[in-house]
Amino acid sequence: MNCPDCAGNLVEVTLSGIDKSFRCFRCGGIWVKDNTLGELSIKALEDWKPVVFERDLLIAGKNKCPQDDKELKQFSNSRITGTWNVRKCDECLGWWWPMDTLFRVKEVIAQGSGYTKIKEAIINS
């Protein structure tokens, strides 16, 4: 599987203890299955560290789903405020969290505010 952003290899990782997610250690992006989002917690993310990368690596990717090679679509939902650069595959229902975007969710969880809205909006989209 290749990264949609930098075309690097995706490595299988576990975020919730039962899922098969994939992370690009070249640019920091994470590919997760739809059901994994409902299982995320601060405990599941506390050991994850951001990846330092050069932004010009991102031009190599093709914005294609790592599983089925379909075009990824930018996620947007009126219930979420702010900019979340998250993309979704309508075919396999997987989610691409580029450039350590998932860590912003980690920060929201740690603050105890807004995560329920984000989680509901993502899961119900």
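**Note on the predicted model**

1. Sheet. Six strands form an open sheet in the order β1-β2-β3-β6-β5-β4, and the pairing is antiparallel. The edge positions belong to β1 (10-13) and β4 (73-74); each has a single partner strand, so one side of each lacks a neighbour in the sheet. In general, strands of a sheet are paired through backbone hydrogen bonds, in a parallel or an antiparallel way.

2. Strand β5, residues 87-88, is joined to strand β6, residues 95-97, by 2 bridges in the antiparallel sense. Within this part of the sheet, Lys88 is placed opposite Trp95 of β6.

3. Pocket. The largest pocket holds about 190 Å³ of space. Its lining consists of Asn2, Cys3, Pro4, Ala7, Ala60, Gly61, Lys62, Asn63, Lys64, Cys65, Pro66 and Asp69. Sorted by class, this lining comprises 6 nonpolar, 3 polar and 3 charged residues.

4. Backbone at Ala7. Most residues other than glycine have a negative phi. Ala7 is not a glycine, yet its phi is positive, at about 70 degrees. The residue sits in the segment before β1. With a relative accessible area of 37%, Ala7 is classed as partly exposed, because that class lies between the 20% limit for buried and the 50% limit for exposed.

5. Backbone at Asp69. Asp69, likewise not a glycine, has a positive phi of about 65 degrees. Asp69 is located in the loop between α1 (42-45) and β4. Its relative accessible area is 54%, so Asp69 is exposed, the cut-off being over 50%.

6. Gly17. This glycine belongs to the loop between β1 and β2 (21-24). Gly17 counts as exposed because its relative accessibility is 59%. From C-alpha to C-alpha, Gly17 and Thr36 are 9.6 Å apart in space, with a separation of 19 residues in sequence.

Conventions:
Residues are numbered from 1 along each chain as its sequence is written. This is a predicted model: local features need pLDDT of at least 70, side-chain atom pairs count only at pLDDT 80 or more; totals for chains, interfaces and linings use all residues. Side-chain values use heavy atoms; hydrogens and water are left out. Two strands pair if DSSP finds at least two bridges between them. Helices (H or I, at least four residues) and strands (E, at least two) are DSSP runs, numbered from the N terminus. On a 1 Å grid over the protein atoms alone, a cavity is a set of points where a 1.4 Å probe fits but cannot get out, and a pocket is an open set with protein on both sides within 12 Å along at least five of seven lines; lining residues have an atom within 4 Å of a point. Grid points are joined across faces, edges and corners, and a volume is the space filled by probe spheres set on the points. Ala, Val, Leu, Ile, Met, Phe, Trp, Tyr, Cys and Pro count as nonpolar, Asp, Glu, Lys and Arg as charged, and the others, Gly among them, as polar. Buried means under 20% relative accessible area, exposed over 50%, partly exposed in between (1.4 Å probe, protein chains only).
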